[in-house]
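Trainee: Could you walk me through how the labels on a structure follow from the values behind them?
Mentor: Gladly, let's have it on screen and take the labels in turn.

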Amino acid sequence: MKRRLFLSGLLLLASASALGAHDLFLKLDSYFVSPGSTLKVRVLNGTFSTSDGAVAKDRVRDIAVVTPAGPTRLDTFAWAAQGDTSVLTVRTRESGTYVIGASLRPRELRLEAKDFNDYLAHDGVPDVLAARRRKGELDLPARERYSKHVKALVQVGDERTTGYEAELGYPAELIPLDNPYTLKAGAMLRVRAVVDGQPLANQLVVAGTRRGQSSLRTDSLGVARIRIGSRGPWFVKFIHMRPASGDTTIDYESKWATLTFGVP
């Protein structure tokens, strides 16, 4: 059963099942819009289908939009809570492929050993789980600092443009090397996983739709190759976690990244 996250001081106590439900995605009703539109981008704090709670505006460290004219940064006034979902308002201009991104400030949590191990097993962090097993640390609780960084690709009008591969400088990013709006169902999409500006080799990446997902690993250059099997909204995500170094307040630091787009 899913349980809510409770804040205690600086630590967020959570069950693994609740944490597993709290991916973060930018999702649109349609990824194909007209120039001059006002977009209401839902910030799903939960799954690719539902949001379990709005993200407070003071957690937002950056909002970026990349258009054919170049990148701009938005004020957090564009971010508002509507019930259990935050909404980001973006105005489109000229035709082209847009990138919308948001980066959240870090938060901390503490999990008991079983909950932490379950979280690693079910949320795509098997390498840390294997390391805990090798070191005999499966019975140890864990304190984690995590941050989440999200992007969406939107096709405005008919013109496919460059800029979809823009790096926003976030602590974790998924950078498409192909424009998904030039691909058809069945094609291969290349996406690079990056943390702190460096590509991640052998990083576990999860890709899919609300109907299902699959896992794959990046190559030596940090590139995952994703076969687009169906039309509709898609997501790609990863969690990069490593033991904390030089910080006695936490045991692990994780950086989460997601990318969403539509397949025509």
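Predicted model: local features only at pLDDT ≥ 70, side-chain atom pairs only at ≥ 80, totals over all residues.

Trainee: Let's begin with Tyr-181. What makes Tyr-181 buried?
Mentor: Buried means under 20% relative accessible area. Tyr-181 has 3%, so it is buried.

Trainee: And Phe-32, why is Phe-32 called partly exposed?
Mentor: The label covers values between the buried limit of 20% and the exposed limit of 50%. Phe-32 has 33% relative accessibility, so it counts as partly exposed.

Trainee: How many aromatic pairs does the whole structure hold?
Mentor: The search finds eight. In one of them, the ring centres of Phe-32 and Tyr-181 are 5.2 Å apart.

Trainee: Why is the pair of Phe-32 and Tyr-181 called edge-to-face?
Mentor: Centres must lie within 6.5 Å for a pair, and planes over 60 degrees apart count as edge-to-face. Here the centres are 5.2 Å apart and the planes stand at 80°, so both conditions hold and the pair is edge-to-face. The two partners come from distant parts of the chain, 149 residues apart: Phe-32 is in strand β4, and Tyr-181 is in the loop between β13 and β14.

Trainee: What makes the pair of Tyr-146 and Trp-256 tilted?
Mentor: Planes under 30 degrees apart are stacked and those over 60 are edge-to-face, with the rest tilted. For Tyr-146 and Trp-256 the angle is 55°, with 6.4 Å centre to centre, and the pair is tilted. Tyr-146 belongs to strand β12 and Trp-256 to strand β20, 110 residues apart.

Trainee: Now helix α3. Which of its residues are buried?
Mentor: Val-128, Leu-129, Ala-131 and Arg-132 are buried in α3, which spans residues 126-135.

Trainee: Why do you say that the buried residues of α3 line one face?
Mentor: Seen down the helix axis, they fall within an arc of 160°, so they line one face. In general, an α-helix has 3.6 residues a turn, so residues three or four places apart point the same way. The face of α3 turned away from the buried side carries exposed Arg-133 and Arg-134. The cover over the buried residues includes α2, β12, β19 and β20.

Trainee: What makes strand β10 largely enclosed?
Mentor: Nine of its nine residues are buried, so the rest of the structure largely encloses it. Its pairing with β6 is antiparallel over six bridges, and eight bridges join β10 to β12, also antiparallel.

Trainee: One more: why does Leu-109 count as buried?
Mentor: Set its 1% relative accessibility against the limit of under 20%. Leu-109 is thus buried, and its place is in strand β11. Its C-alpha atom is 6.6 Å from that of Arg-145, 36 residues away along the chain.

Conventions:
Residues numbered from 1 in each chain as written. Heavy atoms only, no water. Buried < 20%, exposed > 50% of the residue type's maximum accessible area, 1.4 Å probe, protein only. Helix = DSSP H or I, 4+ residues; strand = E, 2+ residues; numbered from the N terminus. Arc of directions from axis to C-beta. Contact = heavy atoms within 4.5 Å. Pairing = 2+ DSSP bridges. Phe/Tyr/Trp six-rings, centres within 6.5 Å; stacked < 30°, edge-to-face > 60°.
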